[in-house]
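Dear colleague,

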Amino acid sequence: MSSIPSQEPAPATAGGPVTGESELVAYEDAPLRLFHFRVAVSASGGEFSDGFGLGIIGISLSRAAPQLGLTPVWMGVLGGASLAGLFAGSLLSGAAADRFGRRPFFGFNMALLGILCVLQVLVRSSAELLVLRLAIGLVLGTDYAVNKSMLVEFTPRRARGRILGLLSVAWAMGYACAYFVGFALDGVGAEPWRWMLLSSAVPCFLVFPLRVTLPESPMWLTNHGQAAAAARIVRERLGPGVAPPVGMVSARTSQGRWRQLFSPTWRRRTLVGCAFFTCLVIPYFAVGTFVAQVMSAMNVESGYVGGLMYNFALLGGAVAGLVVVDRISRRSFLVGSFWLAAVATLILALWTHIPGLAMVVLFTVFAGVLSAASNLVYVYLPSFFLPISGLRASGSPARRAVRARR
């Protein structure tokens, strides 16, 4: 590990650039480089893979039911298996990423995820598929814990909101794309559901080379006493005119222990994050995972067309949310979107003889509004833990663990 030359200026302070032999731009104010774009693509590709892997299961299970002898209970269990695994994976890996670094998880989890997706082709029973879906959820949990942390810690603050918002669009694209790919593969071979599940490995293997060649987060290195390594990465990737990041916490507090998240100082933020996800993802995935079946069960003439509109709404809502997220206050966006989704759901619940078209429109509004609100996952909630970056990855699973209920 090389050390910083003695003539190099002192690290930047939180207030701005540092002065030594020459002025350095503070790490948080670094100019956008191609490297930042590469990190953003790597993170967004992971979100796309996550969304695709969770979205493909609903349509594939409907085709696998005859071959695997799936009862409605088994379909529900398999549909939620990855989400249960995600719950455990995010809780366990968040603290580990705060202790051992972002890169071990960020760099290699997509390769492992792709291998598990390929193994789904070989299953011969519902129990085998259940084990694999649980394992896939565990790996997805590692990405949920470190993906945003890695992007936040590399991205200049002036562009951070917009770039983080792209993660929501990428996730919605992956989820919607899974629906379209699933129907495109329907009828391929005697067991098309195997091809559907196999397709989820493709984005994982495409993203892996981008991730594995990225360095460790300089912010994490600085907070763990490796300032020389952090300075070298900043020099090589961002240029000699950018100062290394400033340590924000002591080595002791950078462990990201759970007791800190639930301490009096941070308890309210942690509980608000958990409540946000509970209200967002339970209805989101209760419908989304089996949207075609839900539409058909509610006597919509074409469950596929209804599902198509639902998934287009997810994608359109994510884009719309990215446009407005910096135009209104985060709190107004959060409260307003939940009210709109609640009204749409209430009408669906109380209108007993609702026409098919009205039902599809209300489901579309519901999906679009919740998908727009999901931008706040990437833009609003990470700011809760910005003052202590040592808790950033641990805070991510605390905020996102309830997505396992989806």
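Leaving aside its neighbours within four places in sequence, which residues is Phe180 in contact with? Before the answer, two remarks on the source are needed. This is a predicted model, in which local features need pLDDT of at least 70 and side-chain atom pairs count only at pLDDT 80 or more, while totals for chains, interfaces and linings use all residues. Residues are numbered from 1 along each chain as its sequence is written, and side-chain values use heavy atoms, with hydrogens and water left out.

To return to the question, Phe180 is in contact with Leu308, Asn311 and Phe312 once those neighbours are set aside, where contact means heavy atoms within 4.5 Å. Phe180 and Leu308 are 128 residues apart in sequence, yet their C-alpha atoms are 7.8 Å apart in space. Phe180 belongs to helix α5, residues 157–185; helices (H or I, at least four residues) and strands (E, at least two) are DSSP runs, numbered from the N terminus. Phe180 counts as partly exposed because its relative accessibility is 27%; buried means under 20% relative accessible area, exposed over 50%, and partly exposed in between, with a 1.4 Å probe and protein chains only.

Ser168 also has its place in helix α5. With a relative accessible area of 2%, Ser168 is buried, and, not counting residues up to four places away in sequence, Ser168 touches Ala318, Ser371, Ser374, Asn375 and Tyr378.

Helix α11 (residues 267–288) and helix α15 (residues 356–373) pack at an angle of about 140°, with their axes 11 Å apart; axes are lines fitted to C-alpha atoms, for helices over the stretch in contact, and angles run from 0 to 180 degrees between N-to-C directions. The two helices are therefore oblique to each other, since angles under 35 degrees count as roughly parallel, over 145 as roughly antiparallel, 65 to 115 as roughly perpendicular and the rest as oblique. The contact is made by Phe276, Leu280, Pro283, Tyr284 and Val287 of α11, and by Phe363, Phe366, Leu370, Ser371 and Ala373 of α15. These residues divide into nine nonpolar, one polar and no charged, where Ala, Val, Leu, Ile, Met, Phe, Trp, Tyr, Cys and Pro count as nonpolar, Asp, Glu, Lys and Arg as charged, and the others, Gly among them, as polar.

The axes of α1 and helix α6 (residues 192–199) come within 8 Å and cross at roughly 165°, which makes α1 roughly antiparallel to α6. On the α1 side the contact includes Phe52, Ile56 and Ile57, and on the α6 side it is made by Trp193, Met196, Leu197 and Ser199. The residues of this contact divide into nine nonpolar, three polar and one charged. Ile57 lies in helix α1, residues 34–68, and counts as buried because its relative accessibility is 1%. Ile57 and Ala178 are 121 residues apart in sequence and 8.6 Å apart in space, C-alpha to C-alpha.

The protein has 17 helices and two strands, and buried residues make up 54% of its 406 residues. Among contacts between residues at least 6 apart in sequence, 82% join residues at least 24 apart.

With kind regards
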